[in-house]
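Q: I have a model open and want to learn to read its strands and helices. Where do we begin?
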Amino acid sequence: MISIAHLSKTYASGHSALKDVSLDIRRGEIFALLGPNGAGKTTLISIVCGLVTPSAGTVSVDGHDIITDYRAARAKIGLVPQELTTDSFERVRDNVCFSRGLFGRPPDPAYIETLLRSLSLWEKRDALIRTLSGGMKRRLLIAKALSHQPEVLFLDEPTAGVDVELRRDMWNLVRTLREEGVTIILTTHYLEEAEEMADRVGVINHGELILVEDKAALMKKLGEKRLTLELSAPLAGVPDLLAPFDLALAPDGRELTYTYAAAKEGAPGERAGHPAVADLLRAVAASGIAVRDLRTRESSLEEIFVSLVRREP
Amino acid sequence: MNLRAIRAIYVFEMARTLRTLLQSVVSPVISTTLYFVVFGSAIGGHMADIEGVPYGAFLVPGLIMLTLLTQSVANASFAIYFPRFSGTIYEILSAPVSPLEIVTGYVGAAATKSVALGLIILATAALFTPLTILHPLWMLGFLVLTAVTFALLGFIIGIWADSFEKLQLIPMLVITPLTFLGGAFYSVEMLPPAWRTVTLFNPVLYLISGFRWSFFGLSDVSVEVSLAMTLGFLALCLVIVHFIFRTGYRMKS
């Protein structure tokens, strides 16, 4: 749906915000673009949407080049910006209709009503925008972006500063849009958001795309699992029998932690050079250690992201 | 051509005028009325006719032009500056709208407002002084042409300005003085020869002169020269606007 090839952007200040980025976004997917502040996420979105001029490279949206065929390309895109940039003295419904008009779409009061209702804005349709709360303004920005029924929706930090309820509402909305065939690209600091919604994840840092991966595959490939055994009696040290498992003993001697790859190939918990969990449990029993309880935990996308970004120079 | 986008921008801007009716319409009408009361009735009553035209009537084209220039610039500059200031310009820049369509929407709305204001002032003036318009179509032509040209200038100022102070700078320090010194309240024939020559370098003189000619058949310079100067200024503004969109000056990084 979106094809980005060798895209670079160097601002007049000399700051190189994007360096030879190439990326293909598939039709109908939810793509999460992750990266720390200043990584180049917003620059990338701004170039695709026509707000920033690229220094090099090409971008096409559904086959339409964003420079030479900008009308067709932009008509397919809706953008929800990061900042709450709304007018103040206009009324909600008028403002959404204005956005639809800008994209050359004929008036459609029924669609606008459905849209405002789906975003819980219908009751506020005649309210002045400046009287809306921050969350309502965020909803309004989404309504404006969807007013022309785009095929691609860019959400730049959509849930920054919004409450939990609104965040959940937005996640539901994004899922609904995906079911309707809309391609969604979101940037976010909340990795929980990407973990919850994204089909694929791209990690960008210092203007370079470090990685693009199917989310599930990424978590499988780079994720870790931890098995923690709560012991009935504290241990002074790890018994020799358990040495091959490279266990970590808690300072109080009451917990043993086994860390292993999340990828499950062959025996459960097995990775090259790592024994299986079942072997560990047998070895623990053979050592005469009484286990009171056990728990497992899988690493989150956030931990994977942090480790990826830390690896970068 | 994205006509719906032009309409959307135009309607959005006209709605802003209606919301600020007091500031947009009533305020210029009151200040113009005060000019008529002070210069037309109080002082003008003691002044001789100028080439057979009573001073009160002679003032009318100059006062309309004064309002037209300042309002065209103010409306268009604010219209484009405010979305830049608030950040809502992103919506215009990311829409499938060409530079021509953007300019047509903003400049069209600004020019419409100032032409309407000019006509309201003309109607107000008729209450104070008997008026005849010898060439009504030329009068309308000059009115529209000047409004569009100065709305374009206002658009350029709105793009150039990076603060509200700068937004006011050119209207306050350039346009208003040029209008006052461009024969709004007098005929250049009344000036000493040296100053008359200096005045010929004031572009606003040609606008006021042509506009006054459409009322009374009197002009400081020939109507052809007035028209040529106005069209020349319009072309210059269009070239600058073209440069702005071609380079993304102060709009895109």
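A: With pairing: two strands pair if DSSP finds at least two bridges between them. Strands (E, at least two residues) and helices (H or I, at least four) are DSSP runs, numbered from the N terminus. This is a predicted model: local features need pLDDT of at least 70, side-chain atom pairs 80 or more, while totals for chains, interfaces and linings use all residues. Residues are numbered from 1 along each chain, chains are lettered from A, and side-chain values use heavy atoms, without hydrogens and water.

Q: Which residue in β2(A) is the bridge partner of Lys9(A)?
A: Leu18(A). Six bridges join β1 (residues 2-10) of chain A to β2(A), and the two run antiparallel. The open sheet has four strands in the order β2-β1-β4-β5 (chain A). Its edge strands are β2 (16-25) and β5 (64-65) of chain A.

Q: How do I describe two packed helices?
A: By the angle between their axes and the distance between the axes. Axes are lines fitted to C-alpha atoms over the stretch in contact (heavy atoms within 4.5 Å), with angles from 0 to 180 degrees between N-to-C directions. Here α3 (92-102) of chain A packs on α1 (3-19) of chain B at about 150°, axes 7 Å apart. That makes α3(A) roughly antiparallel to α1(B) (over 145 degrees; under 35 is roughly parallel, 65 to 115 roughly perpendicular, the rest oblique). Among the residues that meet are Phe98(A) of α3(A) and Phe12(B) of α1(B).

Q: What follows α10(B)?
A: Gly248(B), with a positive phi of about 75°.
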